[in-house]
Amino acid sequence: RVNDGFTKLLFDTPWTKADMVPSPDGSLLAYPDINDQKTLLKLLSPDGNTFRDLATFQGGSIYPILWSPDGTQLAFARMDGEPINGQDVYTVGSDGRNLQQVYKSAFGSIATIAYSGWTVFADPG
């Protein structure tokens with residue numbers, strides 16, 4: 001907290017969650033949480049009090065992550081661990097509802113995701 005200098009450790013693990021993406025209003029942070037068995041897309045409030053799992057997958061990675069302009073949904077790309085299988089792009093509501101696959105690349109990885117209106121565009125890198 002800025003007013004009194006109080007700090008709180010947000011994570012039990014020793015590594016930094018460098019891929020945090022703030023919501024448009026700054027009230028939530030989206031980030032991938034990857035362990036040996038699962039890859040999760042999670043939300044966290046900056047004060048560390050609110051955690052929410054938005055999507056869970058078996059292994060792989062999640063990158064990039066993008067908020068919709070109004071903060072009601074997120075788009076993200078997921079790779080299953082085998083780059084030759086390509087990468088899928090999903091959207092999900094910030095409340096964790098309506099997870100949908102919206103794009104499947106045949107190979108390679110997704111370099112950029114962008115919203116235009118309510119349409120998600122993926123750019124294979």
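In which strand is Pro64 found? Pro64 is found in strand E5.

First, some ground rules. This is a predicted model, in which local features need pLDDT of at least 70 and side-chain atom pairs count only at pLDDT 80 or more, while totals for chains, interfaces and linings use all residues. Residues are numbered from 1 along each chain as its sequence is written, and side-chain values use heavy atoms, with hydrogens and water left out.

Now the overall layout. The chain has 10 strands and 0 helices. A strand here is a DSSP run of E with at least two residues, a helix is a run of H or I with at least four residues, and both are numbered from the N terminus. Along the sequence, the pattern reads β-β-β-β-β-β-β-β-β-β. Of the 125 residues, 38% count as buried. Buried means under 20% relative accessible area, exposed means over 50%, and partly exposed is in between, with a 1.4 Å probe and protein chains only. Among the contacts in the chain with a separation of 6 or more, 30% are between residues 24 or more positions apart. A contact means heavy atoms within 4.5 Å.

Next, one of the sheets. Four of the strands make an open sheet in the order E1-E2-E3-E4, and the pairing is antiparallel. Its edge strands are E1 and E4, each of which pairs on one side only. Two strands pair if DSSP finds at least two bridges between them.

Let us walk across that sheet. Strand E1, residues 21-22, is joined to E2 by 2 bridges. There, Val21 stands opposite Ala30. The hairpin of E1 and E2 has 6 residues between the strands, and Gly26 in that hairpin takes a positive phi near 75 degrees. Strand E2, residues 29-34, is mostly covered, with 5 of its 6 residues buried. On to strand E3, residues 38-44: E2 and E3 pair over 6 bridges in the antiparallel sense. Ala30 turns up again here, with Leu43 in E3 as its bridge partner. This hairpin, E2 with E3, has 3 residues between the strands. Finally, 7 bridges join E3 to strand E4, residues 51-58. E3 and E4 form a hairpin with 6 residues between them, and Gly48 in the turn has a positive phi of about 80 degrees.

The other sheet I want to show is also open, with 4 strands in the order E5-E6-E7-E8 and antiparallel pairing. E5 (61-67) and E8 (100-104) are its edge strands, each pairing on one side only. From one strand to the next, the twist averages 25 degrees. That angle is taken between axes, which are lines fitted to C-alpha atoms, and runs from 0 to 180 degrees between N-to-C directions. Strand E7, residues 87-93, is joined to E8 by 4 bridges, and Tyr90 stands opposite Gln101 in E8.

Which strand holds Arg78? Arg78 sits in strand E6, residues 73-79. Arg78 is buried yet has no salt bridge, and the nearest side chain of opposite charge, Asp88, is 4.7 Å away. A salt bridge is a side-chain nitrogen of Lys or Arg within 4 Å of a carboxyl oxygen of Asp or Glu. For charge, Lys and Arg count as positive and Asp and Glu as negative, with His and the chain ends not counted. The side chain of Arg78 does reach the backbone oxygen of Gly59, at 3.2 Å. Leaving out residues up to four places away in sequence, Arg78 touches several others, including Phe57, Ile62, Asp88 and Tyr90.

Now back to the bond. Most residues other than glycine have a negative phi, and most peptide bonds are trans. The bond joining Tyr63 and Pro64 is cis, with omega about -5 degrees. Asn98 has a positive phi of about 65 degrees although it is not a glycine. Asn98 lies in the loop between E7 and E8 and counts as exposed, at 62% relative accessibility.

Last, Phe107. Phe107 is in the loop between E8 and strand E9 (110-116), and is exposed with a relative accessible area of 63%. The C-alpha atoms of Phe107 and Gly86 are 3.8 Å apart, though the two residues are separated by 21 residues along the chain.

How values were computed:
A polar contact is a pair of N or O atoms within 3.5 Å; within protein, one must be able to donate a hydrogen and the other to accept it, and residues adjacent in sequence count only if both atoms are side-chain atoms.
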